Amino acid sequence: MDDDKMTDDTLSTLKMLRASAPSAEAKKLALNTAMLAFDAAQPKKAAAATKAGWRNRWTLGAGLGVPLGTAVAALVLLPLGTQLYTATSNHTDAVPPKTVTTDGVLKKEIAIAASDMPAKQDEVDSKIKSSTLSLQQQPKTARPVAPPKDGEAQPPVPTGTVTEEAEPMMDQLATVALAPMELDRDAAKMTAAPNGNSGLMGGIAQPLPSANAVPQQPSGDTFQKFDENRVKVTRDEPVSTFSIDVDTASYSYVRGLLKDGYLPDPEAVRLEEMINYFPYDYPAPASIDTPFKATMAVIPTPWNPKTELLEIGIKGYVPPATARAPENLTFLIDTSGSMDEPNKLPLLKRSFGLLVDTLQPNDTVSIVTYAGSAGVALKPTKASDRSTILSALDQMVADGSTDGIDGIALAYKVNAEAKGEGTINRVILATDGDFNVGISEPDELKTYIKTQRGNGIFLSVLGFGRGNLDDELMQSLAQNGNGNASYIDTFQEAQKVLVEEGGANLVTIAKDVKIQVEFNPAQVSEYRLIGYETRVLNREDFNNDAVDAGEIGAGHTVTAIYEITPTGSGGDLNDPLRYQMSAAPVATSDEFGFLKMRYKTPEGEVSKLIQTPIGKDLVVGDLAQASTDQRFAASVAAFGQKLKGSNYGEALTWQRISDLANGAKGTDVNGYRAEFVQMVKLAALLNPDHAGSGKSIYDDPKGGKSGPVRSTGGRPTLN
Amino acid sequence: MPAAAAVRNNALVDRAKAGDRLAFGQLVEANYDFIFRVACKWTGKKSDAEDIAQEVCIKLATAIQSFDGRSAFTSWLYRVTINMVRDMQRSSSRRDRNVDAFSLVHPEDDPGGQEEATTAKEIWNKVSELPEKQREAIMLVYAEDMNHADAAEIMGCKEATVSWHIHEAKKTLRGLL
């Protein structure tokens, strides 16, 4: 049918239809209303839980905003604020957002209707009408309409106090307000900020939130979700138990993101890994008989004048270099196609090259690759034959899909072949992502790794690249393999992990190290463990040798920090109870608490106990008198907390954190601490403190007009 | 769609379904242009496309829960978008719009293909007069360059039905083109 063919051809030109590019404003608006709808769709509890986390991150100081954007955002914010205030003061359910778009060539009106409050509907409607702004989105001019009259613009004062329920609403409101914030270049050129709005803006618009101005971390990487450790009342829960964690992956991952101009997901920020990234100069134990030693201090909390920080620093024994047993290492290398990026396989090759350089002639290296199929790239070879090892490394190319599981089995097999009398056996897995094929059941894989651990072969995991990283699996594999997980983003980091700390990361001196602190309610009314959320153990697990815990390598330092509230300091977050007997403390000791640590020797199956009281003699009254290590660890904790939008310690400004760290750099031989200060500055750029204070509007409904932050000065002395 | 992007979408969908706000944001962000582009082709008007894209984004917040992964995410997203286009066009206020606002192609966007684009626009005008189902079938098969099976999946009908719609549409168009 010629005719049909012709129609066919003609219709095919429809392919030439070109859609014009969406305007940035429209996109932004759509994204923000979508987020609003998403929040409304979530169960309330979930919204409340994540609130603190993202609130801080989405909040951008007005400083970065262009005047016009500020004004426009404020204008849009205002009517919405009015409406939401009305809604929340009458009704506490989440308001399903509904965007009403009216027809008009270049005009969009935003309004939110609280559809579940019919009784108030008319009133709400009239409010919207009276205060909704038409945002003229014309390409070359942006002309904010005059602000609504004062009377209508002022939020009606709620009869009661604004309760907790109001907060999520405010968050949503903040998100909506972003809509017009990201300005295109045309608008950015405009300088005309409407006058006369400043008074109106003062209240609500002060901390201008911006979602999309601050890019979030690229997706695809997965992290274990966890809730931040909460403040515990000593009287209710006097005992805190956790496993040690020497991983540092979180810090290098976060550093990579910040350097690229992204803020990390709160889950990616694990405080203990941030703190433990840095070497601390704690005194080391004298002999292998006590494989590690704890150094403690109680110093003032930089972010809270009413509390103290109990810092527990642990340093592992450093065996003399000559005494080291020969190492038997198997590199298990992911050569799937995705590894073919400069910061993955090529970096990995150079990193392992570094490691090979540090090995002793008697050590053994083998290489197993996995991709479409697993294969032995290098049979166990003595480190003295360096050129063979390096050329085998060099020959690896990235292709094929990932099949990590077969690779693991093969790597253990190859490693077992090279096992000798007294060798240190370890498989080092290097990958950029998850294991897609084979034992798809992570638990099965973990069990397998545990079994191998029982056979004396440990596993360490090195993560490379970004975008596909399964951090959670990495962590749990390493934990089950008695190894550690590191994230390598630069050659420098490879140097740190594999050379500087090569000994610590490869030579385990104590395993299943658990810490238990019993606090004395007579001295400490509340306490909070900073970080270690993913490592918390049950109280009874401490004495149960079957429960796995973290390892300490040669010369490793591990730091744990508790924020403690001295009894009677007035810093308690929990009020005393009315009906409960306030039993007199059983012991009237003046100790803060009692520290117990359990560990096993690398080959041992029965744990040993180290214990020591935490006495008043540890108190350092003034932050300036604390050691550089202690102050630095505190600044890293403060940074991590602020970065992840923690419920605690947000009040500290970036500047204060950076000052604190800067003053605590010490000798900083490798420049890690100097680099940290740079990280703080980057984070401050990406998520600036609000002008005048580190607080946000959410802390103070009056709109940040209150006095300066309460981060410094005036801490009570200890009795 | 490249496999990597599909995997990424699916990972985000899973996280978003579980209530992960960040993932949802990224999902919408990553797919907005696609939604807009489809809406733009379908409606032929930028402002309508923006409205539709926005509505789709909002709808995703709840509709995401009903995505079961049986079809590809993009196919599903097509369906959601096209349904939204249909809803919009059915509402009477949107019927009598002035055609001069037609803005499918900005000359500066595509200086080379302007002539073809103009032809395409004329054809589109004719196609847009067709009954709903026929129009959708034609757009999917010709504008989006899909095979009948894919189009059927998106339209939620049998492949043969798509073929029949196309056949009917051609019969009508034959005299007009």
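Helix α2 (residues 24-41) of chain A and helix α3 (residues 46-63) of chain B pack at about 20°, with axes 7 Å apart. The two helices are therefore roughly parallel, a label for angles under 35 degrees. Axes here are lines fitted to C-alpha atoms, for helices over the stretch in contact, and angles run from 0 to 180 degrees between N-to-C directions. The helices themselves are DSSP runs (H or I, at least four residues), numbered from the N terminus. The crossing of α2(A) and α3(B) is right-handed, that is, the near helix is turned clockwise from the far one by less than a right angle.

This is a predicted model: local features need pLDDT of at least 70, side-chain atom pairs count only at pLDDT 80 or more, and totals for chains, interfaces and linings use all residues. Residues are numbered from 1 along each chain as its sequence is written, and chains are lettered from A and ligands numbered from 1 in the order in which they are written.

Which residues meet between α2(A) and α3(B)? From α2(A) come, among them, Leu29(A), Leu31(A), Ala34(A) and Phe38(A). Their counterparts in α3(B) include Ala53(B), Cys57(B), Ile58(B) and Leu60(B). Contact means C-beta atoms, placed from the backbone, within 7 Å. The residues of this contact divide into 13 nonpolar, 3 polar and 1 charged. Ala, Val, Leu, Ile, Met, Phe, Trp, Tyr, Cys and Pro count as nonpolar, Asp, Glu, Lys and Arg as charged, and the others, Gly among them, as polar.

Now to the cores. The largest nonpolar core has 127 residues. Such a core is a set of buried Ala, Val, Leu, Ile, Met, Phe, Trp, Tyr and Cys residues joined through C-beta atoms within 7 Å; buried means 20 or more other C-beta atoms within 10 Å of a residue's own. Helix α19 (residues 628-643) of chain A gives the most to this core, with 8 residues. Leu310(A) is one of the residues with the most contacts inside it. Not counting residues up to four places away in sequence, Leu310(A) touches Met296(A), Ile561(A) and Phe592(A), among others. Apart from this core lies another, of 64 residues, including Leu31(A), Phe38(A), Ala120(B) and Ile123(B).

Chain B has 8 helices and 0 strands. Buried residues make up 45% of its 177 residues. Helix α7 (residues 148-155) and helix α8 (residues 159-174) of chain B pack at about 100°, with axes 8 Å apart. They are therefore roughly perpendicular (65 to 115 degrees).

Technical notes
Angles under 35 degrees count as roughly parallel, over 145 as roughly antiparallel, 65 to 115 as roughly perpendicular and the rest as oblique. Two residues are in contact if their C-beta atoms, placed from the backbone, lie within 7 Å. A residue is buried if 20 or more other C-beta atoms lie within 10 Å of its own, exposed if 12 or fewer, and partly exposed in between; C-beta atoms are placed from the backbone.
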